[in-house]
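Subject: Structure handover

Hello,

Here is the structure I promised to pass on. Please open it first, then read my notes below.

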Amino acid sequence: MKILLLGKNGQVGWELQRSLAPLGEVISLDRNGLDQWCGDLSQPDQVYQTILDISPDVVVNASAYTAVDLAETEKNAADMVNHRAVQKIAEACAQIKALLLHYSTDYVFDGDGTSAFTESDLLKPLNVYGQTKALGEQAIQNAQCNYLIFRTSWVFAQKGKNFLKTMLALAQQREELSIIDDQIGAPTSAELIADVSAHAIIHTLRDPSKTGIYHLVASGETSWFEYANYIFQQAQNLGADLALKKVNAIPTKAYPTPAKRPHNSRLNNQKIQHTFQVCLPDWKLHVQRTVIEVLGK
Ligand code: NDP
């Protein structure tokens, strides 16, 4: 089997390099490309041609414009990577009959209410990033290719920039931190996303009726405030030298950002567990592992 991985150096892309390796030949690209091949999603026509040239059985797109606040002022750049390039990728996959695995986000929803969103709930993004990701999803669905779209949330990993690593760094520098406690979701590790992705690819190639949209998030739920406290507690248990003495819980309105964020980021993950017979562990499991890895303990 031949797999083309786009976005190989992102949090999820990096873990996919590991998890896809046992499946077959993996050609991994980042925005710099490789030889004549283009992995830069700001050049959709070249990426389209690259997919036709390589002619893989599976395309995994882990690249995305993920700067949520910057997207408010860089709408065209975000739309190019998250929507227009995704449309071309999906069209290329339809042309060569490749399976496309793509990632989306909890930010396609408006975050109203307190129950977990299901795959069929109405898309109503609150910010530009969410709008472009929703348009990317719709473009894939219109392209007549075989696809898997995995919506995830609050991604963290040892490699890359994320909340977990920011909190560990701040706890070593500052005595007091204020953290939002009225946004609820599930921190999900790039490692888990990549492992389930590899598993789902095998199952979907065997049974194409499994194509569709799924919520791929760890089980359980938490707020940013509780999540941060869990990280600090784990770090303390490992004997890390923290400067932190006080952690304040604050509402979203006390920390204004250019992009509006949903209060309720809960995603129901029953469908993916049932369809692919996987068990998604509680978010704390991979947070524990990653704190150990980041602190080098
Ligand atoms: P990262 O930001 O870690 O990685 C995104 C990758 O996309 C980076 O390697 C980046 O490259 C690459 N990229 C950006 N622009 C381009 C471009 N023009 N051409 C080629 N590559 C480009 O994201 P994650 O791994 O965390 O996200 C994976 C998926 O999960 C994405 O679809 C994202 O929308 C989704 N998601 C992520 C969440 C999160 O909390 N991070 C939450 C919910 C969903 P470079 O480093 O060179 O810029």
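This is a predicted model: local features need pLDDT of at least 70, side-chain atom pairs count only at pLDDT 80 or more; totals for chains, interfaces and linings use all residues.

An oxygen atom of the ligand sits 2.9 Å from a polar backbone atom of Val12. That counts as a polar contact, meaning a pair of N or O atoms within 3.5 Å; within protein, one must be able to donate a hydrogen and the other to accept it, and residues adjacent in sequence count only if both atoms are side-chain atoms.

Residues are numbered from 1 along each chain as its sequence is written, and side-chain values use heavy atoms, with hydrogens and water left out.

Now the shell around the ligand. It has 24 residues, and Arg31, Leu41, Thr66, Tyr129 and Lys133 come nearest. A residue is near if one of its heavy atoms lies within 4 Å of the molecule or strand in question. By type, the shell has nine nonpolar, 11 polar and four charged residues. Here Ala, Val, Leu, Ile, Met, Phe, Trp, Tyr, Cys and Pro count as nonpolar, Asp, Glu, Lys and Arg as charged, and the others, Gly among them, as polar.

Which element gives the largest share of the shell? Strand β4 does, with three residues. At least two residues each come from α1 (11-20), β4 (99-105) and α4 (128-142). Helices (H or I, at least four residues) and strands (E, at least two) are DSSP runs, numbered from the N terminus.

Next, look at Asn61 in strand β3 (residues 58-61). Is Asn61 buried or exposed? It is buried, at 2% relative accessibility. Buried means under 20% relative accessible area, exposed over 50%, and partly exposed in between (1.4 Å probe, protein chains only). The side chains of Asn61 and Ser63 make a polar contact of 2.7 Å. Beyond four places in sequence, Asn61 is in contact (heavy atoms within 4.5 Å) with residues including Leu6, Leu41, Val86 and Tyr103.

Then the rings. The whole structure holds 13 aromatic pairs. Rings of Phe, Tyr and Trp (its six-membered ring) pair if their centres lie within 6.5 Å; planes under 30 degrees apart count as stacked, over 60 as edge-to-face and the rest as tilted. Phe163 and Trp224 have ring centres 4.7 Å apart and planes at 50°, so this pair is tilted. Phe163 is in helix α5 (residues 163-173) and Trp224 in helix α7 (residues 224-237), 61 residues apart. Trp224 is buried at 13% relative accessibility. Tyr230 and Trp283 form an edge-to-face pair, because their centres are 5.4 Å apart and their planes at 75°. Tyr230 belongs to helix α7 and Trp283 to helix α9 (residues 283-295), so the pair ties together parts 53 residues apart in sequence. Tyr230 is buried at 10%, and Trp283 is buried at 4%.

Best wishes
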